[in-house]
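The structure is shown first, and the description follows.

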Amino acid sequence: MKDAEFRPASEARADLRELLTALSRLREEVDADGHALIASWGGPFSTEFAPAAENLAHYLALRRRDLSDLQARLSAFGLSSLGRSEAKVIEALDALLATLRRLCGEADAPYPTLAAMRAGEDALSAARDLIFGAVPATPHAVVMVTLPSEAASEPELIRRLMEAGMGCARINCAHDDAAAWKAMIANIRASERALGRNCRVLMDLAGPKCRIEQLRAPEKLRLYRGDRFAMVAALDPRAAGPVAIQPSFPETIGQLAPGAEVWINDGKIGARVVGASAGAVELEVFSARGKGERLKVEKGLNFPTTDLRLPPLTPKDFRDLDFVAAEADLVGFSFVQETADVDLLQDHLAARRGALPKQTIVLKIETPLAVRNLPRLILRSAQHHPTAVMIARGDLAVELGFARLSEMQEEILWLCEAAHVPVIWATQVLDQFIKDGAPSRAETTDAAMAQRAECVMLNKGPFLAEAVTFLRDVLARMDRHQSKKFARFTPLRAWD
């Protein structure tokens, strides 16, 4: 076996002193930039939220710098490379500085206490338990299930889901009505009492989801690359004329400039604006499968290159809030984009809740603007309400592009850990399993990746209870090996 190669002691000591100087400077800059960020956010914050806000500011200050070279130099000495510092930025820097000082001769350089090093992780765990209720030790992540309409009339379905391990039930307010929602919640509460188990209820406000409301096209028409069609503010589908669609929010049309992209049906059709007139735009398809794609009423529309300005709450949302404010444990805020949106929802919840405890607000991150504003959205919400963030990967993938989603879901996880805010990993988790009863290899890997969130959401389908059991098994297995970005070196059993 080849002998290891070592640096001369004098060279190593010089490198350590340079690292100590660089780390000391970095610590000072991060602290100063962090305090400047807090001031720009309108701080100071409440005593309860101040530590999280301060750590978030320090994390953003740290991650604005390219530390890759510094990380490599630290690793060469077997030292922390700061790659797991999200929940405790200053403490991680101080612990590393203490080690460097001791290596450079300061024998009594103090370390942060163990409690200080764990405070951020403990705060995040406490937030998870507050929002989702006390959960069994394994798995770490709570399983959330989107309830089908049958959950209103089949209490045994709720019981099966809870026995399988559902810890939070999601009711999508875009479907069913208040009578059905009331029955669903009654069934949940009955199963809680029967099983001695907790199950929180998330009610998801529909929000301004833009869809095809009217369609004029020959039956079974397929669109191919290069085809053109119109999007118009008003449309009679029975009248003769070229292919056209009417969006559920006609005001979007006036916000589309030539070159703007419009994606249809979760990205199955990509079109670009090639002409505009009063109340209409002409679109040309640039992305579709070779066999073409169908246009259908109710399919979603996304506008990834346009920061649409739509009301964050629709008239339907305001009506639904009367029920949601009274019955839900968590309120899902779809298509939230700006801090004024958060203010609006908080005001309407306060008006309806009175002296009742404040509900958790779940910020559903679905657009590029929401991604850019995420730190401020968290700050505005968490000042007054328990807060979680949902990575709504369906719309977000279309809005950002599928390639960028893969890195953005990671960055949102890191940012929320820094803010001590729980994350819900959502959209198409075990989708094939839920529909067909057998998972694909790719979605099993995706489920394993979801373990780093505090909650994982499943959508509805015929094999939902079986998917809950399978997901909990995957999450529990991954808990042995991973905690956020920290790799746990538990014994590997495959090669005993």
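## Helices H15 and H16

Helix H15 (residues 441-449) and helix H16 (residues 464-479) have axes that come within 9 Å and cross at roughly 55°. That makes H15 oblique to H16; angles under 35 degrees count as roughly parallel, over 145 as roughly antiparallel, 65 to 115 as roughly perpendicular and the rest as oblique. Their crossing is right-handed, meaning that the near helix is turned clockwise from the far one by less than a right angle. On the H15 side the contact (heavy atoms within 4.5 Å) involves Thr444, Ala447 and Ala448, and on the H16 side Phe470, Leu471, Val474, Leu475 and Met478. Sorted by class, seven of these residues are nonpolar, one is polar and none is charged. Ala, Val, Leu, Ile, Met, Phe, Trp, Tyr, Cys and Pro count as nonpolar, Asp, Glu, Lys and Arg as charged, and the others, Gly among them, as polar.

## Basis of the description

The model is predicted: local features need pLDDT of at least 70, side-chain atom pairs count only at pLDDT 80 or more, and totals for chains, interfaces and linings use all residues. Residues are numbered from 1 along each chain as its sequence is written, and side-chain values use heavy atoms, with hydrogens and water left out.

Helices (H or I, at least four residues) and strands (E, at least two) are DSSP runs, numbered from the N terminus. Axes are lines fitted to C-alpha atoms, for helices over the stretch in contact, and angles run from 0 to 180 degrees between N-to-C directions.

## The barrel

Eight strands form a closed barrel in the order S1-S2-S3-S13-S14-S15-S16-S17, with parallel pairing; two strands pair if DSSP finds at least two bridges between them. On average, neighbouring strands of this sheet are turned by 25° against each other, direction ignored.

Strand S1 (residues 142-146) pairs with strand S17 (residues 455-458) in the parallel sense over four bridges. Opposite Met144 stands Met457 in S17. Helix H9 (residues 339-353) packs on the sheet, where it touches strand S13 (330-333) and strand S14 (360-365), and its direction makes about 145° with that of S13.

## Helix H1 and its partners

Helix H1 (residues 9-40) packs against helix H4 (residues 89-103) at an angle of about 155°, the axes being 10 Å apart. H1 and H4 are therefore roughly antiparallel to each other.

Arg73 and Glu18 form a salt bridge, with their closest N and O atoms 3.4 Å apart. This pair links helix H3 (residues 68-75), which holds Arg73, to Glu18 in H1, 55 residues apart. A salt bridge is a side-chain nitrogen of Lys or Arg within 4 Å of a carboxyl oxygen of Asp or Glu, and the whole structure has 32 of them.
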